[in-house]
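Visitor: I would like to learn how to read a few local features in a structure. Please take them one at a time.

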Amino acid sequence: MARSQESYSKKEKEKKRIKKRELKSKRKEERRANSKGGGLENMLVYVDENGHLTDTPPDPANKVAIEAEDIVIGIPKKEDRDEEPLIREGKIAFFNDSKGYGFIRENMSGEKYFVHVNGLLQPVAENDKVTFDLERGMKGMNAVNVKKID
C-alpha cells in the first residue's frame, strides 16, 4: 500500500498558516470596529492662503482667478530673461608665462576667473586691461577669447 504524502511537519506548517490567516482576519475586523470612520471628509486637508494646512475649507470670497497662461513652469523664455553682457572687461590679476595660466578680475563683479594660454588671442601681462568671454570649465568658469584693450 502507498504511504500518505503528508508528513508530520507538513501538517504542522499548514496549521500555522491557517492560524496566521485567522489572526490576520481577526485584527482586520478589530481595526474596522474601532475605527472612527467618517469616510473621506475626515481625511481631507485644505491649504489656506498662507500655505498652511487646515481642516476647514477656504472661504470662497477670498478666491483669486488665475489664468493658465500666467503659470510658468521651468526656465523663463529667453526673451524674458535679462541678458548678461557677452563680452566682459577686466584686468589681469596674475599671469605666469612659464606655466601658461593666470587669473582675470572682472571690473563689474570683482570676481576672479581662470585663464589659460589657449584662451588668449594675444599675449598678455599682469595689470593689462582685457576683454573676455566666459565658458564653463571642469572646475568653474574660465575666461576665453581674451583680448588686450589699448
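**Reading local features**

Guide: Asn145 counts as partly exposed, at 39% relative accessibility. The model is a predicted one. Asn145 sits in strand S7 (residues 141-148), and its phi is positive, about 55 degrees, although the residue is not a glycine.

Visitor: Which value does phi of Asn127 take, and is Asn127 buried or exposed?

Guide: Phi of Asn127 is near 70 degrees, a positive value in a residue other than glycine. Asn127 belongs to the loop between S5 and S6. Its relative accessible area is 54%, so Asn127 is exposed.

Visitor: How is a pair of aromatic rings described?

Guide: By the distance of the centres and the angle of the planes. A search of the whole structure gives 6 aromatic pairs. In one of them, Tyr113 and Phe132, the ring centres are 6.0 Å apart and the planes stand at 55 degrees, so this pair is tilted. The pair links distant parts of the chain: Tyr113 is in strand S5 (residues 112-116) and Phe132 in strand S6 (residues 129-136), 19 residues apart.

Visitor: Are Tyr113 and Phe132 buried or exposed?

Guide: Tyr113 is buried at a relative accessible area of 8%, and Phe132 is buried at 1%.

Visitor: Which residues form an aromatic cluster?

Guide: Phe94, Tyr101, Phe103 and Phe114 form one.

Visitor: What does the side chain of Asn96 reach?

Guide: The backbone nitrogen of Lys99, at 3.4 Å. Asn96 lies in strand S3 (residues 88-96). Its relative accessibility is 19%, and buried means under 20%, so Asn96 counts as buried.

Methods: Residues are numbered from 1 along each chain as its sequence is written. This is a predicted model: local features need pLDDT of at least 70, side-chain atom pairs count only at pLDDT 80 or more; totals for chains, interfaces and linings use all residues. Side-chain values use heavy atoms; hydrogens and water are left out. Rings of Phe, Tyr and Trp (its six-membered ring) pair if their centres lie within 6.5 Å; planes under 30 degrees apart count as stacked, over 60 as edge-to-face and the rest as tilted. Helices (H or I, at least four residues) and strands (E, at least two) are DSSP runs, numbered from the N terminus. Buried means under 20% relative accessible area, exposed over 50%, partly exposed in between (1.4 Å probe, protein chains only). A polar contact is a pair of N or O atoms within 3.5 Å; within protein, one must be able to donate a hydrogen and the other to accept it, and residues adjacent in sequence count only if both atoms are side-chain atoms.
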